[in-house]
Amino acid sequence: MTTIVQQPPPTPTPTPPQITLTVPSTSIHSNDHTGTLIIIKTLIIPIITRCHAGYFRITLSLCCQTLLWKTLKDPPENAHAYRRILGLFPSTAFLLLWSLSLLILTTLSILYILRCALFSNMVKTEYLNHIGVNYLFAPWISWLLLLQTAPFLTPKTVYYLLLWWLFVVPIFVLDVKIYGQWFTKGKRILSRVANPASQLSVVGNFVGARAAAQMGWKESAMVLFTLGMVHYMVVFVTLYQRLSGNTCLPTVLRPVMFLFIAAPSMASLAWDEISGTFDFSSKMLFYLSMFLFLCLVTRPNLFKSSMKKFNVVWWAYSYPLTVLALAATEYAQDTKSSFAHLLMLLLSALSVMVSIVLMVYTALNTNTLLPPDDACDPTNATLDPINVSSINLDSSLESSS
Amino acid sequence: MAQNLGMKKEVIPSLIRSIEDNEVVGFDDNVMKHCVLDVELMDSGENKIEPEISNDSLHHHRTPSISISMPSSPMEGQNPKRVAFNVELVGKNEPEPEPEPPTVSTTKFHSQPMPTGVGFEEAVAVGKFPKPLVRNPRIDNLKDERFTSFKTWSGKLERQLSTLRGKPPSEPPVSTPRENVPVDRYFDALEGPELDILRPSEEIILPEDKKWPFLLRYPISSFGICLGVSSQAIMWKNLALTESTHFLHVSPNVNLVLWCISVVLFAVVAAAYLLKIILYFEAVRREYYHPIRVNFFFAPWIALLFLAIGVPAKVTTELPHFLWYVLMTPIFILELKIYGQWMSGGQRRLSKVANPSNHLSVVGNFVGALLGASMGLKEGPIFFFAVGMAHYTVLFVTLYQRLPTNETLPKELHPVIFLFVAAPSVASMAWARINDSFDYGSRIAYFIAMFLYFSLAVRVNFFRGFKFSLAWWAYTFPMTGAAIATIRYTSEVSNIVTKLLSVGLTTIATLTVFGLLVTTILHAFVMRDLFPNDIAIAISDRKPKTVRKWFHRRAGSSEKDIEHYLKYVTSNEKDVVEASVTDKDVESQTPLP
């Protein structure tokens with residue numbers, strides 16, 4: 001990214017050779033005072049410019065995994081034998097994962113806040129993109145999930161409540177904005193902009209509903225659940241109809257189709273929390289989710305083209321599987337049959353494996369994690385982040401000096 | 001041999017009727033005009049009919065030849081993948097000594113790639129051509145090479161036969177990998193509410209005016225008969241067993257008789273279709289890719305489910321659980337395939353292919369749930385109920401919308417629309433069984449079914465003017481289903497209105513089935529067109545663009561023009577290659593022995 005180049009002095013005066021840090025298309029002349037500052041800036045700014053909301057997929061997956069581990073490690077009293085086996089999970093592993101999730105989520109949130117502050121035009125571009133706008137829900141969902149897994153916060157405390165409000169209000173505001181656009185605003189017609197990522201907004205509602213129900217706030221939970229359910233039905237029908245053909249989702253983003261699995265599973269979990277038992281509706285939603293999972297899993301060709309190069313979109317495989325495993329856990333808890341528990345074990349194992357593989361892969365490929373030409377960010381299809389950053393940097397430096 | 005070929009050619013209907021080669025310079029005109037065109041076989045082998053082209057006396061007979069060939073051209077002789085339709089030469093009655101330019105043979109219209117039958121050489125070798133015209137048509141059909149392309153073992157059998165007869169084996173005609181006919185082709189080539197009427201601009205690759213082999217004419221929609229009759233059996237069973245209808249004094253024997261008839265019928269239909277799969281797999285494949293017929297692939301399993309539901313008490317009262325799993329597995333696999341296609345598969349998206357027959361793919365879920373719940377299973381029925389419910393919602397909304405992108409909806413009322421009634425009525429019964437009571441969910445579904453039924457029944461005047469087809473049997477089972485649901489409702493809410501309703505609906509259902517039975521018998525034995533030629537499976541893989549343009553352009557063009565034209569008109573690259581080499585090919589051919 002940055003190179004330190006020994007350059008001949010650009011000015012005619014015989015000054016000693018300067019060490020210049022070059023970013024393509026711009027060069028930065030440094031003073032000693034602001035040297036480190038500028039180095040930091042030139043390291044962080046490119047990260048910020050490339051770090052779009054889609055990177056919150058990582059946090060979504062990690063937080064969901066944490067939730068799964070938390071659920072599995074504390075089996076209820078009359079659990080089945082299989083479930084009790086999982087209770088032998090070391091709780092230190094869970095704490096480690098929780099800390100990791102917290103760390104990454106905080107980092108990413110701070111980066112994204114900086115991005116909103118410094119490059120609000122890029123955030124606006126994301127908002128206007130029909131796929132990117134859904135990922136604006138992702139940070140809040142991740143925080144809500146992390147809240148539910150906090151080892152030191154029980155749902156009945158005031159802090160939990162406050163934090164819940166903090167995270168749900170943005171979701172609600174986004175809901176009103178985006179859902180309202182679907183049926184009022186001219187160009188954002190649902191039949192044209194609907195894509196599998198739209199289900200993420202629905203998932204957000206369900207997560208908020210579940211967290212509310214755990215707090216005991218049944219009515220708010222119902223509000224969010226109804227909101228999510230109604231829009232889920234609309235989005236589901238529209239997505240199945242595929243009115244706009246295959247054009248709405250680029251092939252690189254095919255893993256996002258796994259969101260088909262996430263939405264009904266999350267709804268099932270939310271309804272389970274609201275109604276208290278895993279009744280017919282939750283079961284039916286869980287079965288629908290299972291069916292969609294089987295549908296997608298038996299079609300490997302769909303995802304072949306997106307698996308050629310590592311991409312942050314791969315993280316989109318992980319959290320739907322985790323949510324499905326969570327729903328399977330509740331299902332097994334209710335049905336108490338061996339088959340159900342086997343299913344739960346299978347799905348949990350699958351989700352854990354996928355998450356671990358993704359973590360390893362990401363760790364090995366950190367250099368490609370933030371590629372300059374981020375193909376997975378639909379908003380940056382033609383925009384070169386480096387150029388934009390260098391221009392901004394130039395202007396900010398000029399104003400400061 | 002060549003002379004023989006020239007002399008006696010039977011006039012059989014050509015595949016490409018609209019190509020009139022009399023428009024090509026050098027052909028006879030008047031005589032040709034009435035004649036159907038020869039269809040020339042393009043073989044993968046070197047020895048083709050073309051060699052005779054050099055023979056003057058045959059030019060005349062060669063001229064009306066059209067080569068129908070696959071894009072990979074056998075004309076160069078190198079590509080063994082060429083398949084062409086195995087057709088007997090059609091010829092003119094008398095040879096006319098007209099010198100034809102050798103390039104007349106270049107009037108090969110490489111318009112339509114056709115799967116080939118093979119063994120034309122041996123047909124030639126065996127000297128079929130000189131045979132007299134009079135033949136036993138049934139044996140004709142069996143040996144008719146035109147249908148060979150649809151046979152399952154089209155190439156191997158004939159090759160074996162030819163080697164047995166001691167003829168020199170031709171180049172192994174490696175059959176072209178059968179490409180899937182894309183769904184757009186079906187929409188382009190066919191029309192009508194059941195997508196079985198050929199559009200005037202299209203051709204089919206099987207002869208139109210000849211009666212095809214029975215199995216080729218046997219559609220999958222014949223399973224509709226099993227659906228209709230077995231649902232009747234269930235209805236009469238319910239009439240006999242429900243207390244609120246005891247006043248009708250229906251005997252359980254009616255159910256027994258109907259059930260036995262259904263079993264026999266199913267066995268017959270299934271055996272016939274199994275034969276079709278074994279012998280004419282290509283036809284089955286094409287039915288599977290047909291956007292409407294694919295839904296009927298659920299019909300056999302639904303019929304089996306009906307048989308299990310309607311089993312009389314005298315036969316058995318307890319059905320083993322594994323039977324349910326066995327019956328639901330094919331439905332499950334089909335569902336995974338078809339619903340997955342709606343969600344993500346290429347061109348078969350729901351906004352385009354949705355049609356009322358899709359209800360058949362959704363109703364199977366509810367019927368399975370009903371059977372499972374009556375067997376005592378719990379989770380499995382709920383699974384299928386959930387899946388069915390979700391996809392039924394999608395389908396219902398899509399069909400009600402009648403999207404402009406949708407090409408298969410009947411523009412007027414057609415009996416297929418009765419399938420709308422099927423899903424909610426069966427869903428209400430299934431839910432009642434799962435919950436052991438006809439509660440609010442079941443009632444909601446039941447009332448929806450009733451509303452749809454009545455809104456269609458009052459329009460019954462408009463159900464006119466449609467050609468009878470076997471698929472109509474499938475449309476009777478919704479009426480029977482509505483009657484059964486009403487009987488179930490009557491057992492919950494028992495008053496004079498519901499009882500009258502159940503009697504009325506039962507009568508209507510029975511009368512409809514009876515009327516349909518009479519019509520079927522009439523068509524089968526009196527009019528003998530119960531199984532007409534199944535046009536829907538015989539559409540060509542390509543649009544016959546060349547034909548149309550060829551038609552208009554023809555007016556004394558030279559051979560160069562023809563070649564040149566063929567280069568640009570055919571959309572397929574490989575066709576172009578063929579067209580361009582026709583010239584060389586003609587000279588290089590060796591005359592037949």
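Trainee: Why does Lys185(A) count as partly exposed?
Mentor: Lys185(A) counts as partly exposed because its relative accessibility is 44%. Buried means under 20% relative accessible area, exposed over 50%, and partly exposed in between, with a 1.4 Å probe and protein chains only. Please note that this is a predicted model, in which local features need pLDDT of at least 70 and side-chain atom pairs count only at pLDDT 80 or more, while totals for chains, interfaces and linings use all residues. Residues are numbered from 1 along each chain as its sequence is written, chains are lettered from A and ligands numbered from 1 in the order in which they are written, and side-chain values use heavy atoms, with hydrogens and water left out.

Trainee: Where is Lys185(A) found in chain A?
Mentor: Lys185(A) is in the loop that joins helix H7 (158–184) to helix H8 (190–193). Helices here are DSSP runs of H or I with at least four residues, strands are runs of E with at least two, and both are numbered from the N terminus.

Let us turn to chain B.
Trainee: How many helices and strands does chain B have?
Mentor: Chain B has 22 helices and 4 strands. Of its 593 residues, 60% are buried.

Trainee: Which residue of helix H18 in chain B could we look at?
Mentor: Thr490(B) lies in helix H18, which covers residues 477–492. Thr490(B) counts as buried because its relative accessibility is 0%.

Trainee: What does Thr490(B) touch?
Mentor: Leaving aside residues up to four places away in sequence, Thr490(B) touches Ser244(B), Thr498(B), Lys499(B) and Ser502(B). A contact means heavy atoms within 4.5 Å.

Trainee: And Phe525(B), is that buried or exposed?
Mentor: Phe525(B) counts as exposed, because its relative accessibility is 61%. The residue lies in helix H19 (residues 496–526) of chain B.

Trainee: Back to chain A, then. Where does Leu296(A) lie?
Mentor: Leu296(A) is part of helix H12, residues 280–297 of chain A. Leu296(A) is buried, since its relative accessible area is 1%.

Trainee: Which residues does Leu296(A) touch?
Mentor: Not counting residues up to four places away in sequence, Leu296(A) touches Met257(A), Phe258(A), Phe260(A), Ile261(A), Leu302(A), Phe303(A) and, from chain B, Met343(B).

Trainee: What separates the C-alpha atoms of Leu296(A) and Phe94(A)?
Mentor: These C-alpha atoms are separated by 30 Å, and the two residues are 202 residues apart along the chain.
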